[in-house]
There are 2 protein chains.
Amino acid sequence: MSGYVRELALAARQAQAAIAACESIRRYALLEGMAVHLEAGLAGILAANADDMQRAAAAGATKASLDRLLLDAARVQGMAAALREVAAQPDPLGTVTRRDVRPNGLVVERQRIPLGLVAMIYEARPNVTAEAAALCLKAGNAVLLRGGSEAAASNAAIAACLHAALRDMGLPEAAVSLVADPAREHVLELLQLVDLIDLAIPRGGESLIRFVAEHARVPVVKHYKGVCHLYVDRAANIETAIGLLVDGKASRPGVCNALETLLVHREIADAFLPRALAALRAQGVEVRGDAAMRSVDADIAEATEADYAAEFLDLVIAVRVVDNLADALAHIARYGSDHTEVIATEDAATAEAFVSGTRSSAVMVNASSRFNDGGQLGLGAEIGISTTRLHAYGPMGVESLTIERFVVRGNGQVRHPRPAARRGGEAA
Amino acid sequence: MSGYVRELALAARQAQAAIAACESIRRYALLEGMAVHLEAGLAGILAANADDMQRAAAAGATKASLDRLLLDAARVQGMAAALREVAAQPDPLGTVTRRDVRPNGLVVERQRIPLGLVAMIYEARPNVTAEAAALCLKAGNAVLLRGGSEAAASNAAIAACLHAALRDMGLPEAAVSLVADPAREHVLELLQLVDLIDLAIPRGGESLIRFVAEHARVPVVKHYKGVCHLYVDRAANIETAIGLLVDGKASRPGVCNALETLLVHREIADAFLPRALAALRAQGVEVRGDAAMRSVDADIAEATEADYAAEFLDLVIAVRVVDNLADALAHIARYGSDHTEVIATEDAATAEAFVSGTRSSAVMVNASSRFNDGGQLGLGAEIGISTTRLHAYGPMGVESLTIERFVVRGNGQVRHPRPAARRGGEAA
């Protein structure tokens, strides 16, 4: 271990106190300042990104990964807009979420405080640098950012803008610390810093998440793959179901809230499957199916066990016809990843049975899986979508970067009053 | 790995669905039934406990650990009472904690669901067997219990009562599963079961917690040591402060919410220290202090660095005189364990500065550290006191054994409406 990351984490942790001590309005101004500096720094960010793109292209990066890496004026504007949305979120710090008075007169409050130091380990997308920093600072945390090496220049240029905003406010730059050296051993070092890091959030491909999960001794909230299902119930409105299917599969197939598997109730299969097939093919989607699906078109490949477990991240979908809701739920329990499940049905009782029969982070009734996103669900932005049923489950916004603690106010109460002495509080 | 614990965990996980599917009133009845069976099984429990006590005494257990192990009629009654208190807690399951309507008409709810399977790894105290099971079942979870080998017979007798209550309700006994084989390799096996266990809670001595933290790949919420401080401000009411000191240190020194260190503002030291010393000595407490404390009585031993970091769990206290609040906060930040801190002051501004200057799981203003306890703070009972700022911080009750997920209801909303087609929901 080089100690390089420990030094960064130590500085970030020390800087955190200054962020936590900021009044609400100063954290608001800080995020606004970060947005302004991003906009002002546009040319520099684009130049740095062009370097990253050139290096990535020369190294033979795929078209999809080049697209994730690419920044243009609109995307930088989008980053600034996301920062302003986070700035405008309600301030969670100090919020008293509950207040009880106990029979002995103690006033027991639950109050939100920052987690402390959050480490973000991510790949490709440079916008994560700005958005993760904004979410962490809004909640009074410091953040340690370890982005992908392919985006090193872009991330450094973005971080420079964030640092400028911190300087403007007289706040320590170390509150947003970038692990600039790309060596993988630094990730390993980071994951052992139990005395400094309160939470690590890995965000990226499955191999990154597995690496983090296997080596972390710091607490981790995982953002795993999304094997998301659409279940078309026999009581579905077919137009609705087609809309959810096309949006879920084809609007952006490379993201975790895209659909991977379509389950169809047997009683609606004849009416639904031919239309579904036509709609999917019109979007260039490859369909793999079971016998019922293949009976619609013999050219359809047979869906394997691996297909039902797959997060294709591509224009491919697996289809299965099921006998009833219970079969659909059993399929989801077996192959799902606790991310997002959708039901299309006009039957309220079936909808409720589906909701209570799944335990995924988001369950959608007649709404696209693509809405499982912090911005879409009203959180302003997200630092990840947790598929771990601990601390946070689903999109993580500002509030997920805080914790509730107990504040108890009394006037001298003790658990075992001494018989001989008066209680001080009562005497006061 | 023997697979012994995996089999137990698999059965518990399967049984969990039946618990989660129980109506609120049935989970209430289940916990009441557990209390009834504990009372009815008193003789058997005491006989089993006598065996454990005999074995422990023969093995040379300390008086303190024999006291933790001992059950008598009153303690079994206490267990039954705790079960009834947990039963009477509000049911968290299905609770909608937030509900927003998005501009596109989506109704976004946050809803509490069970964590799944909770593993409890604990030592000595057999009451944990009943209370942890009750808290987990109330929240719709299954529980895997691995108690200390010294309490094996007591735990088995208690579990038999809990199983009888499950049988009465037609629910699977595996929802409360006991790791009966005491081999330590089984704890190691348990800590690797990432596909089956949603949360592990270690509760016991520091070496147990460290063992779990080092070897766990499943998520862990730690219940670490309590190095709890009382800060006596210059504006303290001296009677109040003496009451908090004696209750915090002497009412039950072997527990984690007992005081370990006393910090005293220099301006009140002359008035306070002699009285504090007398009150502590009257309770048989050994005092170790800095120069200011030792100037009161030359017989007082010098407090070392190790004393200020120590969780004595005994009738010993370390004392330091500080120049001001900032010094007190710096001492707590350096030596504290994020458990419980207390201030005695009649000055409201100082109280608030103390609250915002510490980030421990519980901060007490003019109230004893001994109130950092789930029962005392209104949670009915506790499965532990988390000192990890993740998921839960402070005493963990029923609600801490659930997680909020997203339920989204729409009428066909999609993120990228196809220009050519009407939206299904609108057509319906």
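Two strands pair if DSSP finds at least two bridges between them. Helices (H or I, at least four residues) and strands (E, at least two) are DSSP runs, numbered from the N terminus. This is a predicted model: local features need pLDDT of at least 70, side-chain atom pairs count only at pLDDT 80 or more, and totals for chains, interfaces and linings use all residues. Residues are numbered from 1 along each chain as its sequence is written, while chains are lettered from A and ligands numbered from 1 in the order in which they are written.

**Stop 1: the strands that join the chains**

Select S13 of chain A and S16 (402-413) of chain B. They run parallel and are joined by 5 bridges. Pick Val365(A); its bridge partner in S16(B) is Arg409(B).

**Stop 2**

Select S7 (228-232) and S8 (259-265) of chain A. These strands pair in the parallel sense over 5 bridges. Leu230(A) stands opposite Leu262(A) in S8(A).

Angles run from 0 to 180 degrees between N-to-C directions, and axes are lines fitted to C-alpha atoms, for helices over the stretch in contact. Two residues are in contact if their C-beta atoms, placed from the backbone, lie within 7 Å.

**Stop 3: the other sheet**

Select S2 (107-114) and S16 (402-413) of chain A. They pair in the antiparallel sense over 8 bridges. Val108(A) has Val408(A) as its bridge partner in S16(A).

**Stop 4: two helices of chain B**

Select H10 (238-250) and H11 of chain B. Their axes come within 10 Å and cross at roughly 35°. Which residues of H10(B) and H11(B) make the contact? H10(B) gives Ile238(B), Ala241(B), Ile242(B), Leu245(B), Val246(B) and Lys249(B). H11(B) gives Ala271(B), Phe272(B), Arg275(B), Ala276(B), Ala279(B) and Leu280(B).

**Stop 5: the chain contact**

Colour the residues where the chains touch. Chain A and chain B each put in 63 residues. On the side of chain A, S16(A) provides the largest share, 11 residues.

**Stop 6: the core**

Along with Ala200(A), Leu83(B) and Ala200(B), Leu83(A) touches the most other members of the largest nonpolar core, which has 273 residues. Such a core is a set of buried Ala, Val, Leu, Ile, Met, Phe, Trp, Tyr and Cys residues joined through C-beta atoms within 7 Å. A residue is buried if 20 or more other C-beta atoms lie within 10 Å of its own, exposed if 12 or fewer, and partly exposed in between, with C-beta atoms placed from the backbone. Leaving aside neighbours within four places in sequence, Leu83(A) is in contact with Leu31(A), Met34(A), Ala35(A), Leu38(A), Ala130(A) and Ala134(A). Of the 428 residues of chain A, 57% count as buried.
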